[in-house]
Amino acid sequence: MTMIESDVPAAWKDLEARVTAGDRFAGLFAARAAEGDAVALSAHIATAGDIETLEVTLPPGAARYPALTPRVGAAFWYERLIHDQLGLIPEGHPRLAPLIRPGDPLPRHVTGYGLFTIPHGPVRSGVMESIEYLVETPGEAIPHLNMRVFYKHRGVEQRFAGMRPSDAVLLAERTEGIASVAHALAFCHAVERMTGCVPPPAAALVRVLHAELERIANHLDVAVRLADAAGLAVATARLALHKERVMRLVSRMCGSRFGRGVVVPGGVSALPRLAPAELRAEVERLAKQVTDEAAALMATSSFLDRIRGTGPLTQERARVHGALGPIGKAAGFTDDNRLTRPYDGYPDLAAPPARAHTAGDALARLRVRWDEVGQSFGLLRLAADDLAERPAGALRASCEPSSGRALGWAEAPQGEVLYDLSLTDGRVVRCHPRSASFHNLVLMHEVFAGDILTDFPFIEASFGLSVAGVAL
C-alpha cells in the first residue's frame, strides 16, 4: 500500500509517530525521472503483515528538503545515499559526508592528547571485501569508528534500468553474492505482487530449499571467521569444510554454488537435480556434522571468553534502529519475514520461532545463527518430504507484468532484503534494492564502547555483513 503526502514535515511527523508506536522503518529512497523533474521520496514502513510506502513529492527544481534523520535516526545512511545519488540536501542532517562516492578525508570525531587514527583497509590480508575503517584510538580503546564503503560501489541500481524482469533477476542475484537467492526472491516477489501471480507449490518448496541452504552456508562462514579470529585452526578448518559441503550440495542441485539461475519470476527454472530422498539424506548427514561441530566450538571456553560481552548492541538501540536479522535478534528485536510476512513455502512449512536472546554481543549473535542453522535443517527436511509427495507439474506461473510498481522482500541470512520495483512497458524504470547489510552496517559505529583493537575482528565477523550489499 502506498500513501501519498504533499508536505514533507507532515510526512516525517507521521512516519516518526508510526515508528514510535511500533512499526519498523524499512528504508528511504529517492527517484527523479529526468534532470529538473520532481523528486519522489519513498519511505518504507514494515507493519505486522506488510511493508507500506509513504511517498512525498518535492517540487520540480527543489535542491533541499527537511531531513528525516533528526526524527528517525535509522535514516542516517539513507539520506547520505540520496545526497550522493541526486545531490539533494537533507537540511538538518547531522553529518552529510559522502557514502558511496569518494570524498575528502572524514573529520576526526574524538580529539585530545595521544589520539590518532588508524586506517584499516581497504586492502587487508586474506579474502576480504574492500572497505576502509578509520579507527580513532589512543592506542587500545576505540572511542570512535568511521567507515568508507565507496570502494565497492558498482552502480548496480542504475544498471537495472531498461532491463526486462527475466534479465533483471540475473542482475539481482549478483547484487550481493553471498545472498544471491534472497535477492532473486525479493526481486521476483516484487514482480509477482505486480501481477498477482502465485508460483506453483512445487516451485515454492524449491525456493525454500535454496534459501535455507544459503542461510546455513552464510552462518557457517561467520563461525569460520570467528574461529579464525580466535586462532582455533582445527575449528576453522572443520567449519570451512562443512560450509564447502553445503555449497557443493547446492552446486549438485542446480549447477551453481550460489544457487543462481534457479529463482525466476513466477517460480523456478527447474527441480533440483537430486531426488528428494537423496537430498533428504544429504541434509541429515550435514545436520549431524554441523551440529556436532557447533557443540564442540560452543564448549571451548577460551573461544567463548573472547566473544562474550564483545561488541554489545543494546536492546533499545536495536529496537529504535529496527536492526535486522541475527544482529537484531541477538538484542531482543525480532522481525523475521519468514514468520511475520511469509512467502513461498514458508506458510505451509510453519517455521518455528527461534529462541529469544537479549545480550546483543558477539556471543549472542553466534547463538542466534546456530539456532537458525537448526531451524533451517528442519525446514529443509519438511520441504524435501513435501516435494517428494507432490506430483510432477508446472514449475512456473505466467508472470509478465507490463507496467506498475510493487515492493518485494525476502529474509536473507543477514536479514530483510527489500526491492522497490517500477516497470513501464515490460521494462524496469527504477529498481531500488536494499540489503540488510546496508541497513545494519551503520550500527558498527556504536558497538565498540569498552572494546579494544584486538576485539575488532570478532565484532566485524559477528556482524556477518557484506560490503557489496552496502555500496551497490
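H6 passes H7 in a crossing that is left-handed, meaning that the near helix is turned anticlockwise from the far one by less than a right angle, with clockwise giving right-handed. The model is predicted, so local features need pLDDT of at least 70 and side-chain atom pairs pLDDT 80 or more, while totals for chains, interfaces and linings use all residues. Residues are numbered from 1 along each chain as its sequence is written, and side-chain values use heavy atoms, without hydrogens and water.

The crossing of H4 and H5, by contrast, is right-handed. The table sets out both pairs.

| Helices | Axis angle | Axis distance |
|---|---|---|
| H6 (residues 201–229) and H7 (residues 233–254) | about 160° | 8 Å |
| H4 (residues 165–173) and H5 (residues 180–195) | roughly 150° | within 7 Å |

H6 and H7 are therefore roughly antiparallel, as are H4 and H5; this term applies to angles over 145 degrees.

The contact (heavy atoms within 4.5 Å) of H4 with H5 includes Pro165 and Val169 of H4 and Phe187 and Val191 of H5. Its residues divide into eight nonpolar, two polar and one charged. Between H6 and H7, Leu213 and Leu220 are among the H6 residues, and Leu239 and Val246 among those of H7. That contact has 17 nonpolar, three polar and three charged residues.

Histidine 432 lies in strand E14 (residues 427–434). With 7% relative accessibility, histidine 432 counts as buried, a term for values under 20%. Its side chain forms a polar contact of 2.7 Å with that of glutamate 157, where such a contact is a pair of N or O atoms within 3.5 Å, one able to donate a hydrogen and the other to accept it.

Key: Axes are lines fitted to C-alpha atoms, for helices over the stretch in contact, and angles run from 0 to 180 degrees between N-to-C directions. Helices (H or I, at least four residues) and strands (E, at least two) are DSSP runs, numbered from the N terminus. Angles under 35 degrees count as roughly parallel, over 145 as roughly antiparallel, 65 to 115 as roughly perpendicular and the rest as oblique. Ala, Val, Leu, Ile, Met, Phe, Trp, Tyr, Cys and Pro count as nonpolar, Asp, Glu, Lys and Arg as charged, and the others, Gly among them, as polar. Buried means under 20% relative accessible area, exposed over 50%, partly exposed in between (1.4 Å probe, protein chains only).
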